[in-house]
Amino acid sequence: MNPVVMHINGWIRKVPVWPFYIIGFVPVALYVYAAFTDGLGPDPVKALEHGLGKIGLQFLIASLCVTPLLRLTRINLMCFRRMLGLMAFYYVLLHFSVYLFLDNQLEWNALAKDLTKRPYIIVGTLALLMLIPLALTSTNWAVRKLGSGTWCKLHKLVYPAVALSAVHYIWLVKSWPFEPLAYGAVVAALLAYRWVRNIRSRPRTKTAPQAG
């Protein structure tokens with residue numbers, strides 16, 4: 001292994017993970033401050049809702065980057081992957097909570113209509129539902145209880161979840177601006193990388209030579 005990479009990995013192993021949970025919630029504090037100081041524009045609820053959702057998608061993408069980074073550069077950030085995944089879940093949950101309590105204001109009839117008539121809300125809700133079991137089984141105890149094989153299979157739900165999150169963001173803006181499409185392209189590239197990697201790692205079956 002490259003000595004520089006070894007040095008970087010050695011330094012990474014010494015960095016505690018828990019402060020990053022605190023740092024990860026700094027944007028929430030900034031949004032709350034902006035809300036109380038009229039800094040979120042003419043529609044603060046929408047600004048808060050969209051901002052939290054975008055941060056959730058960013059954390060999801062960051063969690064998917066850990067494995068390719070390790071394979072391509074040997075830089076090991078695996079110790080941060082759980083934190084990134086949990087932060088993604090927290091922000092997606094906050095995003096949905098703002099929609100449910102502040103935007104929708106718990107109007108159940110309107111909520112039922114949104115969940116059956118608006119595709120971007122349907123796929124966004126599906127993404128959240130997929131992330132819930134991942135967050136609930138993110139502990140070492142859950143890995144031991146489920147077994148590593150079952151746990152790994154369950155956590156593959158992150159792939160459809162991040163794909164649906166990207167589609168949700170693109171559909172949400174109801175147009176074709178650069179930013180949502182860029183996020184979608186990054187997600188597509190990460191999923192394509194995993195798909196190609198899985199194809200190449202499958203054992204090839206050798207065909208027996210035919211007599212003749």
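Student: Let's start with D38: is it buried or exposed?
Tutor: D38 counts as exposed, at 72% relative accessibility. Keep in mind that this is a predicted model.

Student: Okay, and where does D38 sit?
Tutor: You'll find D38 in the loop between α3 and α4. Its backbone has something to look at too: phi of D38 is near 55 degrees, a positive value in a residue other than glycine.

Student: Which other residue has a phi near 55 degrees?
Tutor: L106 does, with a positive phi near 55 degrees, and L106 isn't a glycine either. L106 is also in a loop, this one between α5 and α6 (108-117). As for accessibility, L106 is partly exposed, with a relative accessible area of 34%.

Student: You keep mentioning helices. How many helices and strands are there?
Tutor: There are 11 helices and zero strands.

Student: How much of the protein is buried?
Tutor: Of the 212 residues, 34% are buried. In general, nonpolar side chains in soluble globular proteins tend to be buried together.

Student: So which residues touch the most others in the largest nonpolar core?
Tutor: That core has 35 residues, and the ones touching the most other members are L57, F59, L60, I61, Y91, L131 and V162. At least two residues of this core come from each of α4 (44-73), α5 (81-103), α7 (119-136), α10 (158-172) and α11 (178-201).

Student: Pick one for me. What is V162 in contact with?
Tutor: If you leave aside neighbours within four places in sequence, V162 is in contact with L57, L60, L64, V187 and L191. There's another core as well, lying apart from the largest one; that one has six residues, including L111, Y120, I121 and L172.

Student: New topic: how many aromatic pairs are there?
Tutor: A search of the whole structure turns up seven. One of them is F25 with Y90, which is stacked, at 5.8 Å centre to centre and 25 degrees between the planes.

Student: What does the pair tie together?
Tutor: Parts that are 65 residues apart in sequence, because F25 is in the loop between α2 (18-24) and α3 (26-36) while Y90 is in helix α5.

Student: How accessible are F25 and Y90?
Tutor: F25 is partly exposed, with a relative accessible area of 33%. Y90 is partly exposed as well, at 30%. F25 and Y90 also belong to one aromatic cluster, along with F59, F89 and Y91.

Student: What about W18, where is that?
Tutor: W18 is in helix α2 and counts as exposed, at 59% relative accessibility. W18 and M83 are 65 residues apart in sequence, but in space they're 8.2 Å apart, C-alpha to C-alpha.

Student: What share of the contacts link residues 24 or more positions apart?
Tutor: That share is 70%, counting contacts with a separation of 6 or more.

Student: Now pockets. How much space lies in the largest pocket?
Tutor: About 820 Å³. It's lined by 23 residues, and R81, W151, H155, V158 and Y159 lie nearest its centre.

Student: Which helices supply at least two residues of that lining?
Tutor: α4, α5, α7, α9 (148-154), α10 and α11 each do. By type, the lining of the largest pocket has 12 nonpolar, six polar and five charged residues.

Student: And what about the second largest pocket: how much space is there?
Tutor: The second largest pocket holds about 420 Å³. Its lining is made of 25 residues, with E49, H95, Y120, H168 and L172 nearest the centre. Each of α4, α5, α7 and α10 gives at least two residues to that lining.

Definitions and conventions
Residues numbered from 1 in each chain as written. Predicted model: local features only at pLDDT ≥ 70, side-chain atom pairs only at ≥ 80, totals over all residues. Heavy atoms only, no water. Core = buried A, V, L, I, M, F, W, Y, C linked by side-chain atoms within 4.5 Å. Buried < 20%, exposed > 50% of the residue type's maximum accessible area, 1.4 Å probe, protein only. Helix = DSSP H or I, 4+ residues; strand = E, 2+ residues; numbered from the N terminus. Contact = heavy atoms within 4.5 Å. Phe/Tyr/Trp six-rings, centres within 6.5 Å; stacked < 30°, edge-to-face > 60°. 1 Å grid on protein atoms, 1.4 Å probe; cavity = no way out; pocket = protein on both sides within 12 Å on 5 of 7 lines; lining within 4 Å. Points joined across faces, edges and corners; volume = space filled by probe spheres on them. Nonpolar A, V, L, I, M, F, W, Y, C, P; charged D, E, K, R; others polar.
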